[in-house]
Structures are given as structure tokens and as C-alpha cells.
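Please look over the sequence and the structure below before reading on. The report that follows takes a few places one at a time and then turns to the whole.

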Amino acid sequence: MKFTLSWLKEHLDTNATLEEIEFALSDLGLEVEGIENPADALKTFTIAKVIEAEQHPDADRLRVCKVETDEGEKQIVCGAPNARAGITVVLCKPGDYVPGIDVTLSVGNIRGVESHGMMASERELELSDEHNGIIELPSGDVGQLFVDWLAENDPAKVDPVIEIAITPNRPDALGVHGIARDLAARGLGTLITKDVPVVEGKFPCPVSVSIDEDTLEQAPVFYGRVIKGVKNGPSPAWLQDRLKAIGLRPISALVDITNYFTYDNNRPLHVFDADKVAGGALRVHRAKGGETFLALDEKEYTLHEGMTAISDANGVESLAGIMGGEHSGCTDDTTNVFLEAAFFDPIRTAYTGRALKINSDARYRFERGIDPEWTPVGIEAATQMIIGLCGGEPSEVVVAGQMPDHSRAYTLDTDRVQSLVGMDIPAQDQHQTLTALGFKLDGGMAHVPSWRPDVLGEADLVEEVARIASLTKLKGKPMARATSGVPKQILSPLQKREQIARRMAASLGYNECVTYSFIDRKSAELFGGGSDATMLANPMSSDMSHMRPDLLAGLMQAAARNQARGFADMALFEVGPVFHGGEPNEQSLQVSGLLVGRTGPKDVHGASRTVDVFDAKADVEAILDALGAPSKVQILRDGAAWWHPGRHGRICLGPKKTLAVFGEVHPKVLAEMDVKGPAVAFTIWPEDIPMPRKSSATRPALTMNDLQAVERDFAFVVDTSVDALTLVNAAAGSDKTLIEDVRVFDEFIGGSLGEGKKSIAVTVRLQPTDATLKDKDIEAVSAKIVEKVKKATGGELRG
């Protein structure tokens with residue numbers, strides 16, 4: 001099993017080094033057979049720049065180049081046709097080993113001219129077969145390591161490839177996601193799980209599927225759908241690079257997608273050319289014996305009695321779980337494709353493969369056992385990728401058979417685990433280990449996940465606990481004594497954020513509310529809920545008939561009750577889950593706050609005032625900062641219907657990544673909830689705030705600029721409908737390197753500007769990092785700002 005480090009990190013959020021991952025894999029029983037790290041062969045090469053290139057005095061095809069390096073100016077003789085002044089090259093110095101030519105360089109003398117190294121081509125560095133000239137880089141600084149440049153600009157060329165040996169009892173490790181799960185359970189990172197939404201079918205599937213009654217044991221369930229109007233062709237570069245790295249040959253986008261899921265999630269798939277399926281129907285059946293079948297490997301096989309075959313009206317088109325057929329295979333001319341995701345019996349698949357002597361990635365996985373419950377998910381995930389890469393319109397999914405029941409549970413005796421393993425493994429750690437591996441614990445029983453067909457008894461549970469705990473830790477130790485020191489943190493990052501949010505909101509003067517998760521239908525509908533999916537089957541009362549869709553519903557009810565009892569001014573907050581469905585994964589965590597009335601009691605100094613949207617904005621920004629949210633965000637409108645349409649803001653990292661919303665509550669909602677305004681509120685989604693890449697408690701080093709910053713003021717005349725934020729974002733985006741800050745300092749409406757116009761004045765702060773700004777530099781940036789603002793807002797620079 002091969003995979004790249006970057007592929008692994010798509011399933012595992014980790015900062016672990018390659019060496020740490022290598023050790024953990026072998027220690028977990030996934031023995032590392034080898035690591036191919038392209039960076040190792042390139043680590044000594046640096047970037048240089050050719051200053052001059054003159055004709056060699058004694059050779060027509062050679063040029064004598066003066067090259068600027070990190071060690072000063074060097075003379076290098078080069079025979080490449082593209083050697084010329086001004087290009088950025090890859091330098092191999094004397095003493096460097098060049099893998100493509102198997103030579104360790106030394107200072108040479110080429111026809112009477114001394115040469116201090118060489119400028120390399122891609123083939124000489126084993127990056128490709130290109131050797132018509134030396135490498136010309138579009139960027140790079142003199143002295144920069146070439147591997148660092150590749151990591152930033154072409155990471156696929158330095159992506160380490162890890163190969164592990166898979167024992168027959170670990171089919172779940174035949175997918176990168178399964179490997180990541182083991183590493184996450186060991187503690188090397190966090191498993192990245194992605195929800196796969198269902199792709200809605202646009203039309204009934206024109207290809208029907210049936211499974212013969214006597215074949216249901218060999219092929220319990222079969223999912224399929226047609227995708228019309230696809231455009232097959234070469235797959236994108238990232239997919240080709242990934243397949244090439246693990247030794248697979250890219251064929252076409254459709255075929256490459258099925259190969260990708262085979263290695264990504266241990267989910268073999270197959271694609272038929274739907275136009276070549278005779279009769280518009282596929283039948284899964286036992287072979288009678290004697291049928292012939294031309295497979296994708298261009299070999300003809302004769303089927304034995306009892307083998308599982310997939311046939312159309314003309315005959316066998318695929319050998320279930322082994323290999324597809326040449327006749328119905330996809331080509332560049334394929335426009336309609338039938339996607340198959342099925343579960344086939346491991347033993348029958350193994351017998352068939354051995355009898356016909358066919359070795360394929362599909363057989364290798366099916367005969368060891370794949371995750372049957374990921375079958376419907378796999379077809380949706382593959383459909384999304386096919387539509388994303390090849391276009392097309394999907395049909396409804398057709399299903400034949402039913403999902404096999406592989407559920408089973410075994411007793412977990414935590415004391416027995418400790419006595420068998422010989423290590424002190426607390427019961428809590430054992431539970432955490434099995435939970436991280438996908439087991440579900442119910443009392444003293446451990447329910448085995450569907451992707452682990454190898455777990456067949458209590459002893460296997462013991463093995464799993466010991467494997468994750470690491471038997472390398474098994475050593476002689478003195479008698480147990482009371483431990484000292486600071487205990488490890490037991491709260492998850494999300495639980496920690498809950499704690500921080502509570503403390504910060506309380507420090508801002510809010511009082512915490514703990515309301516029921518159930519509300520009435522009318523209130524739920526005001527906040528986007530109230531559907532049957534969140535309705536309780538047996539509610540305690542009619543006022544608690546639905547799961548709450550938003551925390552503000554409960555806070556508004558609490559505010560109404562307090563106002564009815566004479567408490568007009570309130571600052572309330574709550575932290576808790578909200579629900580948009582009845583399933584465990586259909587809930588999210590929210591932090592909500594509500595301000596009602598005035599900022600404080602009336603006084604002689606007149607400091608008391610009614611709360612406004614900026615009070616909510618200041619509080620939500622303070623809590624977001626405490627939670628570690630990025631400082632650079634966008635504030636957009638188009639929030640939910642319960643916010644005042646012109647007096648709210650959506651704090652985002654992008655149009656689709658909302659971290660929080662703040663603003664005035666819609667007057668209609670206040671009236672329906674019987675709350676006397678004004679009322680402003682905020683809602684934060686802590687789960688959507690990006691986790692910090694580093695978990696260190698120390699602050700980063702202070703960055704000081706020793707170059708003088710420059711501020712310039714601009715005033716633009718725009719339509720009154722233009723938001724100031726649109727103008728600010730446009731100005732800030734005109735030069736992200738130099739522009740440090742843009743802020744509004746004046747707004748003027750009316751006067752000589754005319755009807756429907758206003759003037760917005762901003763200050764732009766320019767902070768150079770390399771050299772002090774000159775007048776021409778400032779003028780150039782100013783021109784960019786004016787042009788960008790004009791394009792974004794239609795405004796003009798005020799004269």
C-alpha cells in the first residue's frame with residue numbers, strides 16, 4: 001500500500017514529522033517497507049542567477065557563464081542551448097551528487113576554462129525526462145534551497161511516498177483514511193472526516209439492476225446510477241500526480257476517479273459506458289460455467305460455475321469484485337456513464353480471482369473485506385467528483401439487494417486488558433482508544449465498526465488497545481507511586497472553546513442562561529426551524545414540541561419573561577447545541593448573546609444610552625479574538641431572516657465561511673416574541689473557527705519593521721447604496737503586500753455632490769518591508785487603489 005504524505009494530511013490534521021509518522025506506522029502494525037523522499041536527493045542544490053553568458057573561446061556549443069550564487073560570483077561552463085543572462089537556475093556545486101548522471105561534481109576544466117559546478121536540467125535531477133535545456137525558474141532568490149522552492153511552487157515533486165505492508169487482517173488500512181484513523185488514535189493528529197451530501201438525481205436511472213435470488217449471498221447489495229453528458233479525458237494534474245506517485249498509470253478522468261477512491265477510502269468502484277449496456281439492464285448472477293469474458297486487461301477468461309458475474313442482454317460485462325469488461329469500458333468518447341458501487345462476498349471473490357489467476361486492486365480489497373456501509377456514501381462521493389471533473393447530470397440511484405448486517409459486539413473487560421497486555425492502561429484510555437478507532441461503547445459492550453471485519457472476539461479488543469498504547473512502552477518499572485506535575489489537558493479543542501467563550505462573555509457583563517433544547521413550533525419557525533425533522537415524537541408539552549434551531553429563540557423567551565417582571569435592561573448569553581435534523585450529525589455548537597434596553601441605569605452625566613448594533617459588534621469581536629479567530633475577516637450582509645435587513649453583519653472568512661453574525665433583531669421577531677426593543681444580538685459558530693496550526697502556549701516572536709510607514713488619504717464619490725466595506729476591501733486588495741491597513745475617517749452626503757451620491761474618505765497605511773518607499777512607488781500604489789475602487793464601486797476620486 002502506497003500513499004503520499006500530502007494525501008495522508010488530507011485525512012489527518014497533524015504537525016508530526018515524517019520520521020514520527022514512520023515510527024508510529026510500524027509500531028501500530030503497519031510496517032513501513034520504504035519511504036521515497038525526493039527532497040533527500042535535492043537538498044544540497046540551491047538557486048542561482050546567470051549574470052553574463054559569453055561564447056566559449058574554444059567551443060561553438062559551450063558558453064562561459066558568470067553566475068551569482070550564495071557564495072559569490074562563480075564561473076560555470078554550460079552547453080545548454082538556453083543558457084543566457086538573466087535566467088534563474090538550479091545550481092549544483094562542487095561536492096554535490098547529481099542523481100540523474102550518477103556523478104559527484106568537482107571543479108572542472110573544460111577546454112581550458114575552469115568551471116565551478118553546473119546548472120542542472122530536470123532529467124539530471126530526476127524530476128522528469130526533459131533535457132533540452134537547463135531548468136529556468138520563474139521565481140526564486142539567490143541562495144534559496146531548491147527543495148524549499150519546489151515545496152512552495154510544485155509540491156508534488158517533493159512529496160514523500162510511504163509504502164507499508166498490510167497484513168491480511170487489516171483491510172481497513174488499504175485506504176488512506178483508515179491509515180489516518182490509526183495515526184489519529186495514536187495521537188499524531190486529528191482525523192479529518194468529511195460529510196458527503198447526497199447528490200439529487202435529476203431523472204430516473206435508465207439502467208436497471210437486479211440480483212438473482214441465489215446470488216444474494218455472493219452479492220448482497222448493488223448501488224448504481226447513470227451520469228449523462230460527461231466529458232471524459234485526461235484527469236487534472238493533481239489527480240495524475242497522486243496516481244503516478246503510488247505507481248498507477250493515469251488513464252482517463254473516469255477511470256482515474258475510481259482508482260482514486262480505491263486507495264483513498266478502500267472503496268473499489270467501476271464505471272460502465274452506459275450506451276454499451278445492451279437492453280438497459282444489468283443482472284448480477286452466478287455463472288453457469290463456460291461463459292467467456294474479455295476483461296480490461298485485454299485477456300479472455302472462461303468463467304467457472306458459481307462465479308459472480310454482471311451481465312447485460314448480450315452477455316457477461318464484468319466479473320464482480322475482480323475486473324470490468326473491455327466491451328463496456330469507458331473511453332474518451334464516453335458521454336454517458338453507469339457508476340457501480342457494490343459489496344461482494346470476500347470468500348467468493350478470492351476463489352474467483354485464484355481460479356482465473358487475476359490480480360487486481362479491486363480483488364485485493366474485496367477478498368480482504370471492505371466497509372459495506374460506505375457503499376452508498378462512496379457512490380455519492382464518486383458522483384460528486386465525476387460531475388466536478390467531467391460534468392454531466394446524475395440520475396437517481398438504483399439499489400438492488402439490501403445492506404448486509406455485520407453488526408456485532410463483544411464484552412470489554414478493562415481489568416482483563418491490563419492483565420493480558422502487562423501495562424497499566426486506564427479504563428478511560430481503553431475507551432478512548434476504541435472510540436477513536438470507530439468502536440461504539442455501550443455499557444460494557446464494544447460494538448465493532450463495519451470497516452473492521454477482522455475483529456471477531458474479546459481478544460481482538462485487547463489487541464487493539466495494546467496496539468494503540470504501543471508495546472514499546474512495555475518495560476520494567478518500580479512500584480506505582482503518586483504522580484506529580486501538571487496533568488494533561490482532557491478537554492477537546494471544542495470543549496476548551498466553550499469554556500473560553502463562557503468566561504469571555506461573562507467578563508463582558510453578560511449573564512449566562514441555560515435554556516431547554518426544546519421550543520414550540522411557532523418560535524422555531526421564526527428562526528428557520530419547526531420542520532418535521534426536528535419535531536419530538538413524545539414532547540413534554542406543546543411548548544416543547546421541536547428541537548431549537550437557534551439559541552436566540554430561548555434567549556428571546558427569557559428576555560420576554562424578565563421584561564414581564566420589570567427587568568427591562570438585560571445582557572444574556574448561552575452556549576449550547578442547536579439542531580437542524582434528528583440525527584447525531586445534524587447539530588452544531590453555538591454561542592449567542594442578547595442585549596436589550598439600555599447600556600446602564602440613567603445618571604446625571606447622561607452616559608446611559610440604548611444599546612445599538614455596535615455594542616453587539618464589539619462584544620462578538622472580543623469573544624472571537626479570545627477563541628483565536630483570524631483578525632482579518634469580511635463583514636457581509638445577507639444574514640438570516642430574523643436579523644434586521646439593514647442593521648446586521650455577517651463576519652466571514654469568505655462568502656461561504658461564516659464565523660458569526662451580529663446586529664439588531666428584526667422588529668417582526670421582537671413583536672412575535674413579545675420583547676420590547678431595542679434588542680441587539682450575536683451568534684458565533686465555534687466549530688467553524690479554524691483551529692490554530694500550532695498548539696504552543698507561547699506567543700510568536702514580535703515582528704518589528706525598521707522602515708518608515710506612509711499614510712495617504714483618498715476621498716471617493718460613490719452612490720449612496722455603496723457599502724463602505726466594499727470600498728475598503730477594494731482598496732486593501734489593490735496591493736496586499738504593501739497595504740497594512742485601510743480605515744474610513746469621513747463620510748459626507750449632500751451638498752455639491754448631488755442627489756444619490758456620497759463621499760467616503762479613507763486612510764491607507766503603506767508598510768514597506770524591503771526598502772523605503774519612494775514617490776514613484778507611492779504614486780504607483782495610489783493609482784492601483786483608485787483603479788481598484790473605481791472598478792469595484794463605480795466611484796470617482798473626489799477632486
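This is a predicted model: local features need pLDDT of at least 70, side-chain atom pairs count only at pLDDT 80 or more; totals for chains, interfaces and linings use all residues.

Several elements each supply at least two residues of its lining, namely the helices α17 (613-626) and α19 (724-732) together with the strands β35 (634-636), β36 (643-654), β40 (739-749) and β41 (757-766). Sorted by class, the lining of the second largest pocket holds 20 nonpolar, 14 polar and 12 charged residues.

Rolling a probe the size of a water molecule over the atoms shows where empty space is left. In this structure there is one cavity of 30 Å³ or more, and the space in the largest cavity is about 40 Å³. The residues that line the largest cavity are Gln-218, Thr-308, Ala-320, Ile-322, Phe-344, Asp-345, Arg-348, Thr-349 and Thr-352. Helix α8 (residues 346-356) gives the largest share of this lining, with three residues, and by class the lining divides into three nonpolar, four polar and two charged residues.

Two packed helices are described by the angle between their axes and the distance between the axes. Here, helix α12 (residues 427-436) packs against helix α13 (residues 458-469) at an angle of about 95 degrees, and the two axes are 10 Å apart. Because angles of 65 to 115 degrees count as roughly perpendicular, α12 is described as roughly perpendicular to α13. On the side of α12 the contact is made by Gln-430, Thr-433 and Leu-434, while α13 brings Leu-461, Glu-464, Val-465 and Ile-468. The residues of this contact comprise four nonpolar, two polar and one charged.

Two single residues can be set side by side, each with its place in the chain and its surroundings. Ala-309 is part of strand β21 (residues 308-312), whereas Met-403 sits in the loop between β26 (398-401) and β27 (409-411). Is Ala-309 buried or exposed? Ala-309 is buried, since its relative accessible area is 0% and the cut-off for buried is under 20%. Met-403, with a relative accessible area of 27%, counts as partly exposed.

Once neighbours within four places in sequence are left aside, Ala-309 is in contact with Arg-283, Val-284, His-285, Leu-303, Val-316 and Ser-318. With such neighbours again left aside, the contacts of Met-403 are Val-221, Tyr-223, Pro-372, Glu-373, Thr-375 and Pro-376.

For each of these two residues, a C-alpha to C-alpha distance to another residue of the chain is listed below.

| Pair | Separation in sequence | C-alpha to C-alpha distance |
|---|---|---|
| Ala-309 and Asp-735 | 426 residues | 62 Å |
| Met-403 and Arg-765 | 362 residues | 62 Å |

The protein as a whole gives the setting for these places. Its secondary structure amounts to 20 helices and 42 strands, and its C-alpha atoms fill a box of roughly 95 × 90 × 75 Å, taken along the principal axes. Of its 799 residues, 46% count as buried, and Ala-309 is buried as well. Among the contacts in the protein with a separation of 6 or more, 69% are accounted for by residues 24 or more positions apart.

How values were computed: Residues are numbered from 1 along each chain as its sequence is written. Side-chain values use heavy atoms; hydrogens and water are left out. Axes are lines fitted to C-alpha atoms, for helices over the stretch in contact, and angles run from 0 to 180 degrees between N-to-C directions. Helices (H or I, at least four residues) and strands (E, at least two) are DSSP runs, numbered from the N terminus. Angles under 35 degrees count as roughly parallel, over 145 as roughly antiparallel, 65 to 115 as roughly perpendicular and the rest as oblique. Contact means heavy atoms within 4.5 Å. Ala, Val, Leu, Ile, Met, Phe, Trp, Tyr, Cys and Pro count as nonpolar, Asp, Glu, Lys and Arg as charged, and the others, Gly among them, as polar. Buried means under 20% relative accessible area, exposed over 50%, partly exposed in between (1.4 Å probe, protein chains only). On a 1 Å grid over the protein atoms alone, a cavity is a set of points where a 1.4 Å probe fits but cannot get out, and a pocket is an open set with protein on both sides within 12 Å along at least five of seven lines; lining residues have an atom within 4 Å of a point. Grid points are joined across faces, edges and corners, and a volume is the space filled by probe spheres set on the points.
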